Amino acid sequence: MKLLQLNADDKQGALQLKGTYANDTHYDHVVDDDTVVLTPDGEVLAVLVAGVISARARRKAYKHLRSIYGMPSNRATAVYRGSSLPRIRKRDGSLSRTRQVPHSILDLLERKGVRADVLGYLDTTPRIRKCRLSAWSLNKPEVLRGVMPFVHEVDDVFRSWIPDRYAAQLAVVHQVPGWHLHGTAFTTITVNKNFRTAFHTDKGDLKAGFSCLATLGKFSGGLLVIPRYRVAFKIRPGSVLMMDAHEFHGNTQIAGERISCVLCCRERIAKCGGGEA
Ligand SMILES: O=C(O)CCC(=O)C(=O)O
């Protein structure tokens, strides 16, 4: 395992890039094999472990995930700057922005082969006030079942490499036996197909935890860039990237078919109570 101590730290610059695409002017380092990456303050920003997910688990997950049919309809920042609908009327009569993406943009993305959806459990939002299993998991239970060997392998990597953050997640999911992916520290998986995310932060996942990313498919590009620290990660199929997804991150251009899975624990899942989902 290598150690990469980063020197750059431009929080304001990263914020200004929100909703725009990553390119090679945004990073100085490319991490593509076993590496612990530290911020200039010495905090662990990310750990990449290469070649740890079995071909068998990947094959099975791919078989189920390649048929993903959802769209990133509520991920306006990750789609691109300015692509949200001004929807909700505020008290002063003005319209506030939402995370909803207009149909015209979704149609365009659909034609380009972009898909995105969620498997597993969702906590409450201001608009949907109940905890629930995602619609995709309900409609296609065989998909969630089929990815579980893959999820367990990612979970093993997370437990081995970042035990303190793993323990923090486990403590949360153990409070809610009916609302997490059994035998793991995860509640939820975001799945993307050929989705070049614009710079965004992940909202609603446990701050004390870490997000775990893994990919499937045959592709080039799609580096995951964290502009604040000028670092990019190449997440090959079989590798796992564990990272602080509360930092702005986004992808470079993708060629081929790239499926990415982001496994996390939703912060507010503990409020869902101990009952069965
Ligand atoms: O596909 C990736 O590398 C990143 C995905 C991501 O950041 C997201 O879905 O929030």
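Guide: A word on terms: helices (H or I, at least four residues) and strands (E, at least two) are DSSP runs, numbered from the N terminus. Residues are numbered from 1 along each chain as its sequence is written. This is a predicted model, where local features need pLDDT of at least 70, side-chain atom pairs count only at pLDDT 80 or more, and totals for chains, interfaces and linings use all residues.

Visitor: OK. In what order do the strands of the open sheet come?
Guide: The open sheet has 9 strands in the order 1-3-4-14-10-17-9-7-8, and the pairing is mixed. Two strands count as paired if DSSP finds at least two bridges between them.

Visitor: Which strands stand at the edges?
Guide: Strand 1 (2–5) and strand 8 (132–133). Each has a single partner strand, so one side of each is left without a neighbour in the sheet.

Visitor: What packs on the sheet?
Guide: Helix 2 (residues 55–65) does, touching strand 9 (188–193), strand 10 and strand 17. Contact here means that the C-beta atoms of two residues, placed from the backbone, lie within 7 Å. The direction of helix 2 makes about 80° with that of strand 10. For such angles, axes are lines fitted to C-alpha atoms, for helices over the stretch in contact, and the angle runs from 0 to 180 degrees between N-to-C directions.

Visitor: Back to strand 14. Are its faces buried or exposed?
Guide: Buried, on both sides: Val 240 and Met 242 on one, Leu 241 and Met 243 on the other, in a strand spanning residues 240–243. Buried means 20 or more other C-beta atoms within 10 Å of the residue's own, exposed means 12 or fewer, and partly exposed is in between, with C-beta atoms placed from the backbone.

Visitor: How many bridges join strand 4 to strand 14?
Guide: 4 bridges, and the two strands run antiparallel. Val 49 has Val 240 as its bridge partner there. Strand 10 (residues 211–216) is also antiparallel to strand 14, through 3 bridges, with Leu 213 partnered by Leu 241.

Visitor: And what about strand 10 and strand 17, how many bridges?
Guide: 5 bridges, again in an antiparallel pair, with strand 17 covering residues 259–264. Ala 214 stands opposite Cys 261 in strand 17.

Visitor: Switching to helix 7, which residues are buried?
Guide: Arg 165, Tyr 166, Gln 169, Val 172 and Val 173, in a helix that covers residues 163–173. They sit on the same side of helix 7, because they cover an arc of only 120° around the axis; the arc is that of the directions from the helix axis to the C-beta atoms. They pack against helix 6 (141–161). On the other side of helix 7, Pro 163 and Asp 164 are exposed.

Visitor: What is Trp 136 in contact with?
Guide: Leaving aside neighbours within four places in sequence, Trp 136 contacts Gly 70, Asp 117, Val 118, Leu 119 and Val 143. Trp 136 belongs to helix 5 (residues 135–139). Its C-alpha atom is 8.0 Å from that of Gly 70, which is 66 residues away along the chain. Trp 136 counts as partly exposed because it has 19 C-beta neighbours inside 10 Å.

Visitor: Last one: where is Arg 230?
Guide: Arg 230 is in the loop between strand 12 (224–226) and strand 13 (231–233). Its phi is near 55°, a positive value in a residue other than glycine. Most residues other than glycine have a negative phi.
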